[in-house]
Amino acid sequence: MSVFLRLAARPRLLLSCTVLMLVAAVLLGGGLADRLKLGGTEDPAAESSLAAEVMDAKFPQSRPNLVLLVEGEGGADDPRTAAQAGALTKKLAAEDGVTGVVSYWLTKDPALRSKNGEQALIVGHIKGDETKAGDVFERIEDDYRGHIGDLDLSIGGTVAVRNESQQQTAEDLVRSEMIALPIVLIILLLAFGSVVAALLPLAIGIVAILGTNAVLRGITEFTDVSIFAMNLTTALGFGLAIDYALLIVRRYREELDKGREPAEALPLVLRTAGRTVLFSAFVVAVSLSAMLIFPLYFLRSFAYAGISVVLLAALAALTVLPALLLLLGHRVNALRVIRGGREEQAERRWRSFTSGVMRRGPVVTIGVTALLVVLGLPFLKVEFGTVDDRQLSASAEPRAVHDTIRETFTGSPTGGIDVLARTEPGKPVDGYAAKLSTVANVARVDSPTGTYREGRLLAPPTQAHAARHVLGTSHLTVWPAPDVEDISLESQDLVRDVRTVDAPFEAKVGGQAAMLVDSQRSIGDRLPYGLAFIVVVTMLMVFLMSGSVVLPLLAVILNALSLTAMFGAAVWVFQEGNLSGPLGFTATGFIETSLPVLMFCLAFGLSMDYSLFLLSRMKEKYDQSGDHREAVVFAVSRTGGVITAAALILAIVMIAIGTSQITLTKMLGLGVALAVLVDATLVRCLLVPALMAVTGKATWWAPAALKRFQERFGISEEGPATAAGVPRPGGAGDEDRVGGGTGGRGGPGSAGKETAGA
């Protein structure tokens, strides 16, 4: 930790540089939201993604992403409505960047008119990627919304959903920060009792968030980044930065209370609590980096944001915070609002509670484990899907348009399954199209040779049909039956059925449902590697810290158990719709395919964060005393308050994120908040001490060869065990170590006053 000490040795210079970098970060991170994207839930190398590239290049008009819902006073077939809607169709077709505009009044396609005849649709395709399409949409949207002539117009389509999501995400982010900040400050005041000490963690959080926004802005120059990564930046920025600062500030104040001068206390704090922060940040970053294994940029975006904010939070806590503490000195306790002495009372209560839990170890272990397993059972019924307009609130205009289409139209203009056939002269697609039209749940198939239904030619080829063949590629659209929604289990089964139909040429199947099927396969294929990466690295790091082969296994099991409630609640609430009214969302019968992966990586990393705080203190006490039970009681009593306060703060931040009007963000925020609270209460306070009572001294067992390896290369709060000049616990010079060793306030196993940092 010497490098951090050297950086903090000139606090004014360091803080001046930090201010300049923050100004640069604000300037660089400005406009970040406009560069972030809504998609990223598909594998770019999948068959459906390759088909989409061909569609955009050769048949852009066949991929409508803009929908105008038109309603006239006399109904869709009223002459005045038809005249004005026809003129509006021509106007939209003439807009720069818009192609493939069709309408009910142009084609008389009954699928484009509502069943009651009161409304009809104009659909088109805005060209370009998400950014370019968004620019075109923002330029033209005001001309096609509201009351125009005798028509009432509303805008839908994926480009409108994307635009609404971006605006709503930005608004939700501001609101969540306004909700979380005052509550977090109150908790910090209760934890520290001092206004100055409480403001320090907030300052570190702000540094981490602004820095990460600048990093993400830079990353957008090279790759796509999801807009939802902004929410994770705020949550982890405040959560982990406050987490780390909470540990360091508390430890620093305790060293001052013991009579040390600031310059003397700070090196000890960085060698103990600081090292734990560094180790914790590494483990959390490893958990989040597992998302880089997946090709979906939605998941990769959270890895970019998560790794950046974790490392910046740790860096700020180990450089900026020590500089502030050096400048403040004893004034860190200034502006007290709560009298001191509460820490000792809290520790006594934690000791009493933990001792009681350990006396009933087997009963508590079985009871809590059974409860967590039961809470996770709903996840066995999980169904996966992808986000659509229903992630928006019911009052959002694009959502209202698509609700109307689902309720009053015979089909969706955006729900077709695209089939691209690379044909050669003399090999027409008519036979293939006819076979596709016989697949169950297929309403019709449009192809270059006409429209087919149930194996027969329904309509001969027209000019529109002929446009479906370009440069050796034929485009067929398989239209699902009217009762099959765009994104549903039935549409996914239909994709699989279409792919099983033999074709006399190379064929690729695309469309929304196909992308979902391919994304599920991509995630499923890589998920074992991601899980193995997290588990192996986590177990290795816990072994290097503890020297036990049992503790790493227990840590992984306990962390996994802490996530069961989160996954069970995700299905029970967001898939099945329980509590959808109070929480303000619409259940779709499935959850987004990639979201459980994100929630696992995030919650597992945070859970390991708390595990390390507890295990590091437990290891320290066990090395000093050799008393396993006392080590557990001591660790829980000294970290229980810190973990509880840190978990409560992070849960509040995540709950504030969960107030979002976007269902995807709501599920992420509330789900992770639940996991954090379960981990800090049922797992750390009950299951850990109970299970440790059951395993006893066997908790610390390892083969002799591995013991020797850990003693040589392992990680301790003073660094590697072989570091020159570093005394082993209980040895000469140990009085300057955490807890005072065997000198000072008591021998091994003493319950006397020891430091309460991490």
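Asp446 and Arg444 form a salt bridge, with their closest N and O atoms 3.5 Å apart. A salt bridge here is a side-chain nitrogen of Lys or Arg within 4 Å of a carboxyl oxygen of Asp or Glu. This is a predicted model, in which local features need pLDDT of at least 70 and side-chain atom pairs count only at pLDDT 80 or more, while totals for chains, interfaces and linings use all residues. Residues are numbered from 1 along each chain as its sequence is written, and side-chain values use heavy atoms, leaving out hydrogens and water.

**Salt bridges**

- Side chains of opposite charge can pair when their charged atoms come close.
- The structure holds 33 salt bridges.
- Asp446 counts as buried because its relative accessibility is 10%. (Buried means under 20% relative accessible area, exposed over 50%, and partly exposed in between, with a 1.4 Å probe and protein chains only.)
- Arg444 has 19% relative accessibility, so Arg444 counts as buried.
- Shared partners link salt bridges of Arg251, Glu255, Lys258, Arg260 and Glu264 into one network.

**Glu255 and its partners**

- Glu255 pairs with Arg260 in a salt bridge, and the closest N and O atoms are 2.6 Å apart.
- Both Glu255 and Arg260 are buried.
- For Glu255, the relative accessibility is 0%.
- Glu255 also forms a salt bridge with Lys258, where the closest N and O atoms are 3.8 Å apart.
- Lys258 counts as partly exposed because its relative accessibility is 32%.

- Asp34, Asp129, Asp135 and Glu138 form a negative surface patch.
- Patches are made of residues with over 30% relative accessible area and no salt bridge; like charges are joined within 9 Å, and nonpolar side chains (Val, Leu, Ile, Met, Phe, Trp, Tyr) within 5 Å.
- Asp and Glu count as negative, Lys and Arg as positive; His and the chain ends are not counted.
- Asp34 has 65% relative accessibility, so Asp34 counts as exposed.
- Asp34 lies in helix H3, which covers residues 32-35. (Helices are DSSP runs of H or I with at least four residues, numbered from the N terminus.)

- Gly193 sits in the loop between helix H8 (158-192) and helix H9 (195-219).
- Gly193 is buried because its relative accessible area is 0%.
- In sequence, Gly193 and Arg336 are 143 residues apart. In space, the C-alpha atoms of Gly193 and Arg336 are 5.6 Å apart.

Note on methods
Accessible areas come from the Shrake-Rupley method with a 1.4 Å probe; for residues, only the protein chains shown count as cover. The place of a charge is taken as NZ of Lys, CZ of Arg, CG of Asp or CD of Glu. Helices (H or I, at least four residues) and strands (E, at least two) are DSSP runs, numbered from the N terminus.
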